[in-house]
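Reader: I'm new to this one. Can you walk me through it?

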Amino acid sequence: MKPIYMFAPYWMGEISLPRVAVTRHNWRLLTAPLPADVGPTERMGVLNQALANEVAGMREAENLPLVIVGDCTFSIG
């Protein structure tokens, strides 16, 4: 099983530029189009769904996802 690092540099549904700055060259960066006209809870839902999809894809490819997140709510994803 190959480890794949993924980084989700968000906090409260918003991208966190200080967190982006620590991204390493071999990490996948989680990105998702975020709706602008909704609150942070809805944006976090979109991000968690994107993370869940990425993790599922990694597992289907028999890789080991190692996820580094900027917000504890990503444990849902």
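Author: Here is a short tour, from the fold to the salt bridges. This is a predicted model, where local features need pLDDT of at least 70, side-chain atom pairs count only at pLDDT 80 or more, and totals for chains, interfaces and linings use all residues. Residues are numbered from 1 along each chain as its sequence is written, and side-chain values use heavy atoms, with hydrogens and water left out.

Reader: How many helices and strands are there in the protein?

Author: Two helices and five strands. These are DSSP runs, numbered from the N terminus: helices are H or I with at least four residues, strands are E with at least two.

Reader: What pattern does the protein follow along the sequence?

Author: The pattern is β-β-β-α-β-α-β.

Reader: What share of the residues is buried?

Author: Buried residues make up 29% of the 77. Buried means under 20% relative accessible area, exposed over 50%, partly exposed in between (1.4 Å probe, protein chains only).

Reader: New topic. How many salt bridges does the structure hold?

Author: Two. A salt bridge puts a side-chain nitrogen of Lys or Arg within 4 Å of a carboxyl oxygen of Asp or Glu.

Reader: Which side chain meets Arg-43?

Author: Glu-14, at 2.8 Å, N to O. Arg-43 is in helix α2 (residues 40-60) and Glu-14 in strand β3 (residues 14-15), 29 residues apart.

Reader: Is Arg-43 buried or exposed?

Author: Arg-43 is buried, at 10% relative accessible area. Glu-14 is partly exposed, at 40%.

Reader: And what does Glu-54 pair with?

Author: Arg-28, with the closest N and O atoms 3.7 Å apart. This pair links helix α2, which holds Glu-54, to strand β4 (residues 28-29), which holds Arg-28.
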